[in-house]
Amino acid sequence: MGHTLVEKLMIKNTGDDSIRPGDIVIVNPDCYMIIDAYSPSVINKLEEMGFDKVLCPEKAVVVFDHLLPVGNPSNDPLFISKSVELREKYKIQTTEKGTGISHTLMHEKRYAKPGTIVTATDSHTTTYGGGGCLSTGIGYSDMAAVLGTDELWLKVPNAIKIVLEGKLKPHVTAKDIVLKVVGDLKADGGQYKSLEFTGPGAQQLSMQARYTICNMALEAGAKCALFEADDKTAEYFDMDLDEIRWIQVDEDAEYESVMTYDLGQLEPQIAKPKGVDDVYDISKAIGTKIDEVFIGSCTNGSIEDMAVAADILKGKTISPYLKLVVIPASNKVFKESIELGYIETFLKAGATVSHPSCGLCAGFPFGLLSDGEVVLSTSNRNFIGRMGTKDSFIYLSSPAVAAASALAGEIVSPDMLELLTH
Amino acid sequence: MANIQSGRIWLLPDDVDTDVILAVRHLFLPTAEERARHALENLIPNFATDVIAGDVIVAGKNFGCGSSREYAPEALYDCGISCIVAKSFARIFYRNAINIGISLVENADIQDECEDGDLITVDHENRNIETGGRRYEMPKVPKHLEEIFKAGGLVNYHRKRNALSKEGGK
């Protein structure tokens, strides 16, 4: 009997090839990441548990991405100073300070490698599965225990195979694929499960596209999401394909269910407020008036996302009164966007470009919404009050739809742009 | 953890996310007490003021979906909630809640059959729940989790282990 991808990664880590879905296994993660927002609590828990040192500090990374630069001077500096304490007292030498969003950095800087197990104190840790890495989020008590013991218990999950066939139409992107999958599975359809993407359509997707999909798989409740390793994975990580070729779906592996999508049939997708799984073809949302557009986040802040938005915005001006906020996900993406002229395009179109960070997706300044306001966002969640007051409204889409809609002042399909006069 | 928990039911819907349990803007308040005052405020404005120790949340599917913030179960715990019954729990919330010593019970029927404010008794010793004159069985928990749960959460579990190993090392 063959194995699912998640089983293969757990077997690699534990050396136990008898594991079955439902078993609880103890793994030694290859890397663990802590975001600044949880540093004080991680330290508190280390102290409460009685750990006076981190067992394998060389495996840990601390990222300052949520609270830097400081937005609230009475509260936020604590999170910065506690993050520094993790370095000084607990000897975690690897820190990323103001270099971008943690989840983007974890693959961009090659911390989350193919074939490894990574855990982090944030739900969107599922992202790194795009590179064939079993990655899953935990809270700060669990993280303190991981730091103290280098161990994490995980239940071997059941898996859902998602077969992608065909080729995406122009202006349809990875975000539309994952919105469609979350809409079909619903917010709990992937609960405790591994979502495993395969098929010719999956092989065609770029690494950034794969990371977008795995990032948002969490919104279906998934424990992890995984793509197979191929030549693109090997190239991205500068590895020999032979080293990672084993990260492949076995034909005879037992999957709980199989979902198949013809990418050629997929239309741009929209998640309506207030539910990530309330997903429709864009035709059901066209004409919805919007006050703001946000392009960025760990879901859609890559260089490819910037390119998609710049291509649509080039030489045009956004709708009067609409606010467009663009946040490249990392300094690397920011620099490349400057070199390639994307930032100039955004500024000329009337956008505000902000420093690489989580930004308003995590409810931080600037660009938050007030009662009755509507934002179209490329981020991953549209929960009540997430990007402003509880009576504001969040629609989720791809960067292509977001950019086109910023020009129109209402939700439109990018294909409709030629018909609009601006 | 007490073997029998008894209190009033706070009835909640499906897909209650951690942003609703505790919004981002309250995460960075300096004390747990201040954070707890904002628990569930966008859903039940009087929750934090009216909830009393021993009350039980009864919810639908996917309770605690969304962010990994442990502040969410912590805020509920600090309000006096030490037991949550739901059709299902989101994965990270499940770990976080168990780790801080909240007992979680999966049950497919209670949410549909109970009323907000009803009395409920959760008997961990005999593994059953009583409310509205009906009795429900509690599902089994994996052994590893049960050990953490019996220790009163992950913090206590490791504190005891570390204390023992330090004694043993002397």
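At what angle do the axes of helix α2 (residues 39–49) of chain A and helix α3 (residues 77–88) of chain A cross? The first legend answers this.

**View 1. Helix α2(A) meets helix α3(A) at roughly 50 degrees.** The two axes come within 8 Å. Axes here are lines fitted to C-alpha atoms, for helices over the stretch in contact, and angles run from 0 to 180 degrees between N-to-C directions. From α2(A), the contact uses Ser39(A), Pro40(A) and Ile43(A). From α3(A) come Leu78(A), Phe79(A), Lys82(A), Ser83(A), Glu85(A) and Leu86(A). Residues are in contact if their C-beta atoms, placed from the backbone, lie within 7 Å. Five of the contact residues are nonpolar, two polar and two charged. In this scheme Ala, Val, Leu, Ile, Met, Phe, Trp, Tyr, Cys and Pro are nonpolar, Asp, Glu, Lys and Arg charged, and the others, Gly among them, polar.

**Model and numbering.** This is a predicted model, in which local features need pLDDT of at least 70, side-chain atom pairs count only at pLDDT 80 or more, and totals for chains, interfaces and linings use all residues. Residues are numbered from 1 along each chain as its sequence is written, while chains are lettered from A and ligands numbered from 1 in the order in which they are written.

**View 2. Five strands of chain A form an open parallel sheet.** The strand order is β4-β3-β2-β5-β6. β4 (94–97) and β6 (134–137) are the edge strands, each pairing on one side only. Strands pair if DSSP finds at least two bridges between them. Helices (H or I, at least four residues) and strands (E, at least two) are DSSP runs, numbered from the N terminus. From one strand to the next, the twist averages 20 degrees.

**View 3. Strand β2 (residues 31–35) of chain A is mostly covered.** Four bridges tie β2(A) to β3 (residues 60–64). There, Met33(A) has Val61(A) as its bridge partner. Three parallel bridges link β2(A) with β5 (residues 117–120). In β5(A), Thr119(A) stands opposite Tyr32(A), and Ala120(A) stands opposite Met33(A).

**View 4. Helix α5 (residues 71–79) of chain B is mostly covered.** Seven of its nine residues are buried. They are Tyr71(B), Ala72(B), Pro73(B), Glu74(B), Ala75(B), Leu76(B) and Cys79(B). Their cover includes α1, α2, α3 (32–36), α4 (47–50) and α6 of chain B. Just after the helix, Gly80(B) takes a positive phi of about 115 degrees.

**View 5. Domain 1 (5–264) and domain 2 (269–419) divide chain A.** The bounds come from an automatic or database domain assignment. The C-alpha centres of the two domains lie 25 Å apart. Domain 1 gives 28 residues to the contact, and domain 2 gives 32. On the domain 1 side, α4 (102–108), α6 (174–185) and α8 (207–217) each give two or more residues. α6(A) gives the most, with six.

**View 6. Chain B touches chain A.** The contact takes 35 residues from chain B and 38 residues from chain A. In chain B, α1 (18–21), α2 (24–27), α6 (91–100) and α9 (154–169) each supply at least two residues. The chain B side has 15 nonpolar, 11 polar and nine charged residues.

Methods: Two residues are in contact if their C-beta atoms, placed from the backbone, lie within 7 Å. A residue is buried if 20 or more other C-beta atoms lie within 10 Å of its own, exposed if 12 or fewer, and partly exposed in between; C-beta atoms are placed from the backbone.
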